[in-house]
Amino acid sequence: MNKKSLLLIEIIWIILGLVCLGIAIREITTNGMRQAWLFIVMSAVAFTLAWVRDSQRKKL
């Protein structure tokens, strides 16, 4: 993969992580922690995958 496609994938992962984090905050304020844990895990995974793509892009 070239650097531009890796950068695009990295940006998509960051946006997905921010959206999941926003949904988790909204769920915590409305329903409590009971239903927000899934979105917290999804945002952590998305930010981890963005970091992996960043590392791959820097190695090229």
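D54 and K58 sit four residues apart in helix α2, about one turn of the helix. Welcome to this predicted model, in which local features need pLDDT of at least 70, side-chain atom pairs count only at pLDDT 80 or more, and totals for chains, interfaces and linings use all residues. Residues are numbered from 1 along each chain as its sequence is written, and side-chain values use heavy atoms, with hydrogens and water left out. Helices here are DSSP runs (H or I, at least four residues), numbered from the N terminus.

**Salt bridges**

- The whole structure holds four salt bridges, each being a side-chain nitrogen of Lys or Arg within 4 Å of a carboxyl oxygen of Asp or Glu.
- In general, side chains of opposite charge can pair when their charged atoms come close.
- Together, E10, D54, R57 and K58 are linked in a network of salt bridges.

**How covered the network residues are**

- Buried means under 20% relative accessible area, exposed means over 50%, and partly exposed lies in between (1.4 Å probe, protein chains only).
- E10 is buried at 9%, and D54 is buried at 16%.
- R57 is partly exposed at 21%, whereas K58 is exposed at 62%.

**Around S43**

- S43 belongs to helix α2 and is buried, with a relative accessible area of 4%.
- Leaving aside residues up to four places away in sequence, S43 touches G17, C20 and L21, where contact means heavy atoms within 4.5 Å.
- A polar atom of the S43 side chain lies 2.8 Å from the backbone oxygen of I40.

**The nonpolar patch**

- A nonpolar surface patch of about 940 Å² includes I28, M33, W37 and V41 among its residues.
- Patch residues have over 30% relative accessible area and no salt bridge; nonpolar side chains (Val, Leu, Ile, Met, Phe, Trp, Tyr) are joined within 5 Å, and like charges within 9 Å.
- Helix α2 (residues 37-59) gives the most to this patch, with eight residues.
- V41, in helix α2, is partly exposed at 44% relative accessible area.

Terms used:
Accessible areas come from the Shrake-Rupley method with a 1.4 Å probe; for residues, only the protein chains shown count as cover. Helices (H or I, at least four residues) and strands (E, at least two) are DSSP runs, numbered from the N terminus. A polar contact is a pair of N or O atoms within 3.5 Å; within protein, one must be able to donate a hydrogen and the other to accept it, and residues adjacent in sequence count only if both atoms are side-chain atoms.
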